[in-house]
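Here are my notes on the model you sent over. I have kept them to a few points that you can follow with the structure open.

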Amino acid sequence: MSDIAAGLFGVLTLGCSLGVVFSRNVIMSAFYLILSFFGLAALYVLIQAPFLAVIQVLIYTGAIVVLFVFVVMLIDQDKLLEVVTGKTLVLTAGVLAWSLGLILLRALNHSPMAVPVSGQLPTLRTISLSLFTEYLWPFEVLSVFMLVIIVGVFVLARDKVNA
Amino acid sequence: MNTVDIAILVAKTLLFYLIVLHVVPIMVWVERRGAALIQDRPGPNRVGPFGLLQPVADFVKFIFKEDPIPTGANRGLFLVAPALILIPASLTLAVLPFGDKVKLFGREILLQVADLDIAILYVLAIGSLGIYGILFGGWASGNKFSLMGALRASSQVISYEIPLGLAAVGAVAVYGTFSLREIALAQDGLWFGWLPRWGIFLQPVGFWLFFIASFAETNRLPFDLPETEAELVAGYHTEYGSMKFGMFMMAEYMNLTTISGVMVTLFFGGWHLPFVADAMLLKWIGSQNLLGLVQVVIFLTKVAIFLCVFVWVRWTVPRFRFDQLMRITWGRLIPLGIVNLLVTAGVMLWLGGWK
Amino acid sequence: MTPELISSLKQFAPEGVIISGLVFLFIMDAILPSSRESRLPLFVVLFSCILGALVTIGVIPTEASSLFSGVIQSDGVTTFFRLLFFFSCAGGTLLAYETKVLDRDSLSEFSLLILCVTFGMCLMASATNVLMLYIGIETVSIISFVMAGLKRDDARSNEASLKYLIFGAVASAIMIYGFSLIYGVTGSLNYGDIAKALIEGGGEPKWAILLSMVMVYVGLAYKISAFPLHFWTPDVYEGAPTPVTAFFSIAPKAAGFGAAIRFFLCVLSTPGEAGVWTPMALGHGAWTQAIAVLSVLTMLVGNLSAIGQKNVKRILAYSSVAHVGYLLMGFVSANAFGVTAVLFYLVAYCLMNLGAFWVVGLVADRKKSEDLEAFKGVGWEDPFLGVTMAIFLFSLTGIPMFSGFVGKFLLFSNVVQTPGFLWLAVIGVLNSVVSLFYYANILKAMWLDKPDTVVEAPVSSVHRIALAVLAIPTMVLGLYFEPILKVTQSLVATFR
């Protein structure tokens, strides 16, 4: 049962990703992106990571893609459609992507995957505990990083200051 | 998961969905009569006693109205947008705890469609998807005013998601769980023999933040700049006629109901009767199943009170300008939310130590 | 606060100084209204860097210790890189404040951004956990994107920032996919545990490991601009403001090398006796062979592409790619001497490159252009600039009696001592000869060509002092390199 579901959601994710790449209209690309993120969230649920699924929807679909869509909507639509795609480009990209995919498939099928260390599924409690004990330092460092990111955004996006 | 379980699940879903669906026409009536009451005029009173059949008349009108699609519109997205806003509005209902349990068919059935461990996160996540209906609807209309309305609405919604989340996290910190059912269960009983154990007494500031943010999340006055009649015609749903417009309205009222439901669960005791403990109520009523029904009624009453408050505020208060709106959330509500979280954590540490 | 946390924080004090400087700048910029025009941020940055360097020397660890539950390792190599980064940060900020490239109002943000990049780089060079490495890389990368685009009215700056961003995002995505594959196969994010799992896994070529290491290489190669991820370098270096380019060409590259040293020697090698690592076999040979091939390709691409360039910043960009090729040679031996050679060369390279870009910045200030044309006759206009540029360029080529030569000598001798890599040393020497061509091109323009327009612009004393500070060690280290070498060797001795 969960195999069928995994297959269906996998197809959804992949199909929508193809839609993102091949769609002529950028807003439709964003829409397909949302759907493919949904498929991804469903796959997370199927591998027993519901927290990750909800966070995926909340942050990726609910915030990041919204900002994408903002920007795309404010751009002149006619200029957007002058996208350069030649047949050779698409063909080359397709061939490369296929070969990478095949290599990945071979790699993932022929290598032993490790079992999780504790042997039990992570709950919300274990995730938050590890974030504050084992991975405390990356967590704290990120706060400095985010502070400076805000300054960086301000630098890039502010109006010219008249001297 | 055998057939009986699936049947029960389907029945529960249908039942609760239909309950909330029926809130929509009732709200239409309450809105219009409430507006009339506050504005000292009669309001709709032609169709049925007290105008109670007005929503039915509206619905019939919607069915027979022309459903135009503007020429410059992107057909696909234009048609999909109302669905995009209705689906998240419906999905969030799944985690509202309408009541405790009933015993039927030899098993205990929770009066909640899905008891998730991460229910609050789920509500926030799916709630944030409602923006897309607005965004795509506004853009696909091919109308500059709609686009402006859509962009304003979505930036407002994502800005106010943050204080909403911060307030919810305060409640989560106090109760130690993300699950709405457990939070509701924890609000049973009385303190000092007379005070109900409601969340609002533990997190008053959190409730205030959540309350304000919920106005902005559902685009209700005083935060309804995106759909103001005077400024933007009708904002992002200008070009939508008849049933599509009806779907936008439905989605708005369902969102209202869901957020009221979450507020009731987090801060006002969920399905518990104010000054009576659940055990005592069970003794009075006798049967568990009847108790379940009473709990659903209590929950819906509390939600109804909140809905009336929403209507009341709408027709009383003037609306905010967009920059005032943004300043409120980024400059006041978010710092307040963070301070609330700090104080909550500090008090919990002082009282209980590490747990 | 657990005792482990407190002792870790004590070891982390130098980065703490940088963070305090950063926070202080942030608050100060908000409180003081006139701080836009003042040079206070410059002094804050310089003070933080000097204080940080002093604290680093104060907490030099006598043995390697793992901090913060194993995400960071504090040992001699960390100390070395911290000092290098603080020096580069101070140099870059001074260059930014002294030239007229950046607007006055961008400068206080520049100081903040450069402090944050320094912090990120310290994390990168000391990370022993894949997650921490990624956070360090992203901190450096994203803030670098912003720094490259600081001149908002210059289209080339915007182009540089955008190109850096797009390619950097793709490279980071590939790298983190590699990290996820590593986690899947080994079950851990810590370098030590990964290495243990890889050793226990056995010898047959594991496709997933090979693929994931290739992907991680892609990410690291982007940071150090090694082949094949070098293509962003000329565009970004040319477009970004000169002080930013000067900083990019030394510090993030050094940080990338620090990360690469730790990753390749801690994850992909088994430690042997006294500073010798046995590189792990991936596929049909050890990874050292792959690094050797990549090193050759990087050198060739860098040197050959630099020949036809007309813009001095692009020449220097391609030359930095070539230098990365030389530096990669230090990895083929996988022993402490190789690491020492790399570190020594990084010191020399830092001095030379910063000096070269400094001169470019000064010339661009007066001639408003960075092409070779603008350099014509600068040697006669201002002999000081001409002489110092000659020192830097000779050192970059690897002419004896300059520090560049000593660095290259150490790298080549390291390669020669490793069995089976003699060809690499030969190709390296040939490449150095080729590089003489384009460096001499610049010198020819400066000393042997007549300028189109003579611009009299006296160079301030700050510049003279700074250039002297950079040029004198470049010459001195060519002859008297024993102390630095000894210090570096002792620092590397603590590396596990």
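A residue is called buried here when its relative accessible area is under 20%, exposed when it is over 50%, and partly exposed in between. Keep in mind throughout that this is a predicted model.

1. Start with C:Arg366, since that cut-off settles its case: at 11% relative accessibility, C:Arg366 counts as buried. Its partner is C:Glu381, and the two form a salt bridge with the closest N and O atoms 3.0 Å apart. C:Glu381 sits in helix H15 of chain C and C:Arg366 in helix H14 of chain C, so the bridge ties together parts that are 15 residues apart in sequence. C:Glu381 comes out at 15% relative accessibility and therefore counts as buried too.

2. Next, have a look at C:Glu98 and C:Arg39, whose side chains meet in a salt bridge at 2.5 Å, N to O. C:Glu98 belongs to helix H4 (residues 76–98) of chain C, while C:Arg39 is in the loop between helix H2 (13–31) and helix H3 (40–58), so this pair joins parts 59 residues apart in sequence. C:Glu98 is buried, at 17% relative accessibility, whereas C:Arg39 is partly exposed, at 34%.

3. C:Glu370 and C:Arg156 make another salt bridge, with 3.5 Å between the closest N and O atoms. This one links distant parts of the chain, 214 residues apart: C:Glu370 is in the loop between helix H14 (336–367) and helix H15 (378–381) of chain C, and C:Arg156 is in helix H7 (residues 155–186) of chain C. C:Glu370 is buried, with a relative accessible area of 12%, and C:Arg156 is partly exposed, at 32%.

4. Over all chains, the count comes to 26 salt bridges.

5. How many salt bridges are there between chain A and chain C? The count is 0, and 1 residue pair is in polar contact there, both residues being at pLDDT 80 or more. Helix H5 (87–110) and helix H7 (136–157) of chain A each supply at least two residues of the side that touches chain C. The largest share of that side, 15 residues, comes from H7(A). By type, the residues on the chain A side divide into 24 nonpolar, 3 polar and 5 charged.

6. As for the extent of that contact, it takes 32 residues from chain A and 44 residues from chain C. The two chains bury about 3,300 Å² between them, 76% of it on carbon and sulfur atoms. If you want places to look on chain A, A:Trp137, A:Phe145 and A:Arg158 lose the most area to chain C, together 19% of what that side buries.

7. Finally, chain B. Helix H9 (residues 204–217) has 14 residues and reaches 20 Å from its first C-alpha to its last, close to the 20 Å expected. H9(B) is mostly covered, with 11 of its 14 residues buried; among them are B:Phe207, B:Phe210, B:Phe211, B:Phe215 and B:Glu217. The buried residues of H9(B) pack against helix H6 (144–175), helix H8 (199–202), helix H10 (242–267), helix H12 (288–314) and helix H13 (322–352) of chain B. Just after H9(B), check B:Asn219, which takes a positive phi of about 55 degrees.

Notes
Residues are numbered from 1 along each chain as its sequence is written. Chains are lettered from A and ligands numbered from 1 in the order in which they are written. This is a predicted model: local features need pLDDT of at least 70, side-chain atom pairs count only at pLDDT 80 or more; totals for chains, interfaces and linings use all residues. Side-chain values use heavy atoms; hydrogens and water are left out. Contact means heavy atoms within 4.5 Å. Buried area is the accessible area (1.4 Å probe) that two parts lose on being put together, summed over both. A salt bridge is a side-chain nitrogen of Lys or Arg within 4 Å of a carboxyl oxygen of Asp or Glu. A polar contact is a pair of N or O atoms within 3.5 Å; within protein, one must be able to donate a hydrogen and the other to accept it, and residues adjacent in sequence count only if both atoms are side-chain atoms. Helices (H or I, at least four residues) and strands (E, at least two) are DSSP runs, numbered from the N terminus. Ala, Val, Leu, Ile, Met, Phe, Trp, Tyr, Cys and Pro count as nonpolar, Asp, Glu, Lys and Arg as charged, and the others, Gly among them, as polar. The expected span of a helix is 1.5 Å times one less than its number of residues. Buried means under 20% relative accessible area, exposed over 50%, partly exposed in between (1.4 Å probe, protein chains only).
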